[in-house]
Structure formats: structure tokens, C-alpha cells
Amino acid sequence: MSERINRVMAALSQHQSAPLHKGDPLALPLISATTYHLPDLDGAPFMYARMNTPTWQAVEDYVSLMEEAEVCAFPSGMAAISAALFATVTAGDVLIVPSDGYYVTRALAKEFLAQLGVIVVELPTCEFAQCDFHGAAAVCLETPSNPGLDLVDIADVAQRCAAAGARLIVDNTMMSALLQQPLDLGADLVVVADTKAPGGHSDALLGHVAGRDSALMGRVRDWRRMSGATPGALEAWLVHRGLQTLELRLARMCESALYLAQKLSKHRAVRAVRYPGLMNDPSYDLACQQMESFGFLIGIELRDAATAEAFLSECTVLRQSTSFGGTHSCGERRARWGDAVPEGFVRISVGVEPQEVLWQSIETALQKLSP
Ligand SMILES: *Cc1c(COP(=O)(O)O)cnc(C)c1O
């Protein structure tokens with residue numbers, strides 16, 4: 001573990017062992033109250049649930065120790081991304097978004113922000129390394145890109161954004177603060193869909209924005225209060241529970257992903273494997289430098305769409321679903337959503353099942369494909 005992760009894990013453990021009063025519950029209580037006793041306004045921690053609730057506050061306190069930053073929770077990853085964008089861009093501004101990043105971010109920018117006068121420019125992730133950011137007000141970055149798994153040097157992009165006066169927003173959903181910390185590398189804001197690995201059990205939507213600039217985070221918080229994009233108590237509670245095992249799950253998931261990527265890259269039926277942890281992957285050196293671990297997503301290319309679909313129906317250990325980061329492994333042919341990947345490209349999200357169980361099911365399914 002890196003020094004940063006040791007420090008974060010120590011802070012989380014200290015936070016969890018804060019003194020209790022006799023009879024206090026050990027687990028976080030789920031508080032759904034919308035209104036709080038308010039004889040006067042001075043120093044009231046809670047007033048009305050659109051402003052703050054004890055259950056989100058607990059998630060924010062926890063995630064804030066992970067991010068080593070101020071954190072504002074939202075009811076979904078997209079609500080967090082919307083807040084980050086509405087807090088940073090205004091009419092006439094240029095906003096750069098990755099053309100191969102999360103599709104809905106691009107759609108939001110094009111279908112809503114562009115209509116409000118924001119000039120939206122799309123750029124493939126691998127071109128962020130050469131782009132001149134002068135004239136841009138905000139730049140959205142996702143590394144590794146999804147599902148292509150191209151990496152970009154965050155520190156380098158952050159430095160060039162700062163020099164150009166552009167704010168850098170990094171969607172860190174795929175890695176989370178435990179596997180990569182864009183704020184340390186100079187990003188202004190990080191957004192994460194906690195719906196994915198942080199919640200981890202495929203049963204709650206949640207997101208957050210993290211940042212170290214109080215004024216900017218104040219705008220993000222104002223956006224939440226005014227737009228009403230507030231997390232539900234149950235979802236916040238479920239994600240708080242999921243977070244307790246995040247480090248443990250990620251360790252298993254990343255270790256298995258490396259093991260499977262190595263096996264897959266030697267299999268005849270697999271045309272290509274994309275995984276930043278493979279030494280011959282174009283992103284390997286950068287991954288070693290800016291990521292704590294290589295992640296739990298693998299891209300494989302099979303012969304064509306029909307072969308990929310046959311593999312997915314045969315391989316019972318992989319649930320066929322979109323999304324990633326849950327305890328169950330899942331797989332999906334991404335071209336069905338129109339992603340710019342080959343027809344036979346399958347994205348595998350590795351879950352917490354034992355490695356050998358995963359490999360046996362995958363290998364059996366690959367063996368059954370027509371040669
Ligand atoms: C899932 C995802 C989102 C959106 O999260 P929701 O909780 O579904 O709104 C945003 N960015 C990335 C990279 C994602 O994978």
C-alpha cells in the first residue's frame with residue numbers, strides 16, 4: 001500500500017473508533033426525518049433535509065476522509081456531474097468533454113448546457129495529452145477511459161489546464177479515491193458515481209463531488225440545495241455500509257482482474273486484451289505511476305458480435321448487465337450501446353468471486369466458441 005492509502009486507511013479506522021456513549025448503536029442509524037427541532041437558527045446542525053441530514057453527513061464525513069477533501073453527496077453519479085458542471089461553466093464558456101467517456105455526461109453537455117450557451121467540444125481521451133486548453137473554462141477527464149481503457153497523465157493535463165485558466169473535473173468513478181487520487185495530481189474537482197464500486201452491491205444510486213477549493217465546493221453545495229438534487233436516506237445508508245468493505249473488495253477485484261487478464265491474453269479465442277496491468281499494454285507505465293492498482297475492468301475483443309454474444313450467454317459467472325464495480329462479475333458487449341469499440345469487444349467487470357471459479361467459467365465458455 002502507498003503512503004497515501006496507509007494514511008487514509010488509518011484516518012478511516014480512527015474515525016470508526018470515535019468514542020461511544022453506553023448504549024449507542026455501532027452501526028449508522030438510518031434517519032429519514034425531513035424536519036429537525038429548530039427553536040432558533042444558531043448552530044443547528046440540521047434544519048430541513050434538503051440542506052443536510054445526519055445520514056448523508058455520515059457518508060460525506062467518511063468519503064471526505066477517503067478523498068482528503070470537502071465532499072458533497074448527490075443522489076446519483078450524474079447528479080454529481082451536473083452539479084460540478086453547473087458550478088463551473090456559464091454561457092459563452094468552452095467546455096471540453098471526452099468523446100469516449102461516460103456517454104450521459106456528453107449528452108447532458110450537448111443537450112442541455114449547449115442550449116444555455118455553453119460551447120461544448122468533444123475530444124478523444126488519448127488526445128488530451130496534446131490538447132491546448134487555452135480558451136476553455138472547464139475540462140472533463142476520465143482516465144482510464146471507459147470502455148477503451150486508455151490512460152492520460154492527470155498531472156500533466158492538470159498543469160496545462162491551470163496554465164490555460166481552465167478548471168479540471170475528473171470523473172474518477174472507475175478507480176475511486178482508493179485506487180487513484182486526481183486531486184493530489186492537480187484536478188479542481190473529482191466526481192464519483194458511488195453507485196459503482198463504492199456502494200458495491202448494485203442496490204443504490206449515489207454520487208459525490210470532492211474538492212479542496214472551499215469557494216468552488218460552496219457553489220456545488222448551493223447547487224444541491226437549490227436544484228433539490230439531494231440523496232435519499234436509504235441510499236446514503238446503503239452506500240455507507242458498502243464503503244466499509246471497499247478497500248477489501250477492491251483488493252480482491254483488482255488481484256483477480258490481473259490474473260484473468262493474464263490468462264485471457266494467452267487464450268487463442270481472444271483477439272486482444274486491454275488491461276492497464278499487462279506489461280505490454282500501452283498504458284502500463286503510466287498506470288504504475290498514477291494508479292494504486294490496475295483496476296477491475298478488462299476489455300477483451302472476440303471475433304465478432306455473434307461470438308461475443310455467444311460467449312456472454314455461455315459464461316454463467318458473468319452476469320449480463322451494464323454498469324460495473326459490484327460484488328458479482330459482469331460482462332457486456334459495449335458496441336450494443338454504440339461505443340466506439342469493435343463489434344466483438346466485451347467489457348468485463350471483475351467481482352469478488354474466487355479467481356479460479358471465474359477463470360474456469362470464462363475458459364469453459366471460450367472453449368465452446370466455434371473456432
Ligand atoms: C455510472 C457512471 C456515471 C453515472 O452514475 P449514476 O449513478 O448512474 O448516475 C458517471 N460516470 C461514470 C464513469 C460511470 O461509470
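Is the crossing of H2 and H7 left-handed or right-handed? The crossing is left-handed, meaning that the near helix is turned anticlockwise from the far one by less than a right angle. This is a predicted model, where local features need pLDDT of at least 70 and side-chain atom pairs count only at pLDDT 80 or more, while totals for chains, interfaces and linings use all residues. Residues are numbered from 1 along each chain as its sequence is written, and side-chain values use heavy atoms, with hydrogens and water left out.

**View A. Helix H2 packs against helix H7.** Take H2 (residues 54–67) and H7 (residues 233–243): they pack at an angle of about 35 degrees, with axes 8 Å apart. Helices (H or I, at least four residues) and strands (E, at least two) are DSSP runs, numbered from the N terminus. Axes are lines fitted to C-alpha atoms, for helices over the stretch in contact, and angles run from 0 to 180 degrees between N-to-C directions. On the H2 side, look for Thr55, Trp56, Ala58, Val59, Tyr62, Val63 and Met66, which meet Ala233, Ala236, Trp237, His240 and Leu243 of H7; contact here means heavy atoms within 4.5 Å. By class, that makes ten nonpolar, two polar and no charged residues. Ala, Val, Leu, Ile, Met, Phe, Trp, Tyr, Cys and Pro count as nonpolar, Asp, Glu, Lys and Arg as charged, and the others, Gly among them, as polar.

**View B. The ligand sits in a shell of 13 residues.** Gly77, Met78, Asp171, Thr195 and Lys196 are the closest, and a residue is in the shell if one of its heavy atoms lies within 4 Å of the ligand. Helix H3 (residues 77–88) gives the largest share, three residues. The shell splits into six nonpolar, four polar and three charged.

View C. A polar backbone atom of Met78 is 2.8 Å from a ligand oxygen. Asp171 puts a polar side-chain atom 2.7 Å from a ligand nitrogen. For Thr195, a side-chain N or O atom is 2.6 Å from a ligand oxygen. The protein covers 92% of the 380 Å² of accessible area that the ligand has on its own (Shrake-Rupley method, 1.4 Å probe).

View D. Thr143 and Pro144 are joined by a cis peptide bond with omega about -5 degrees. Another cis bond, omega about 5 degrees, joins Asn146 and Pro147.

Note on methods:
Polar contact = N/O pair within 3.5 Å; in protein donor to acceptor, adjacent residues only side chain to side chain.
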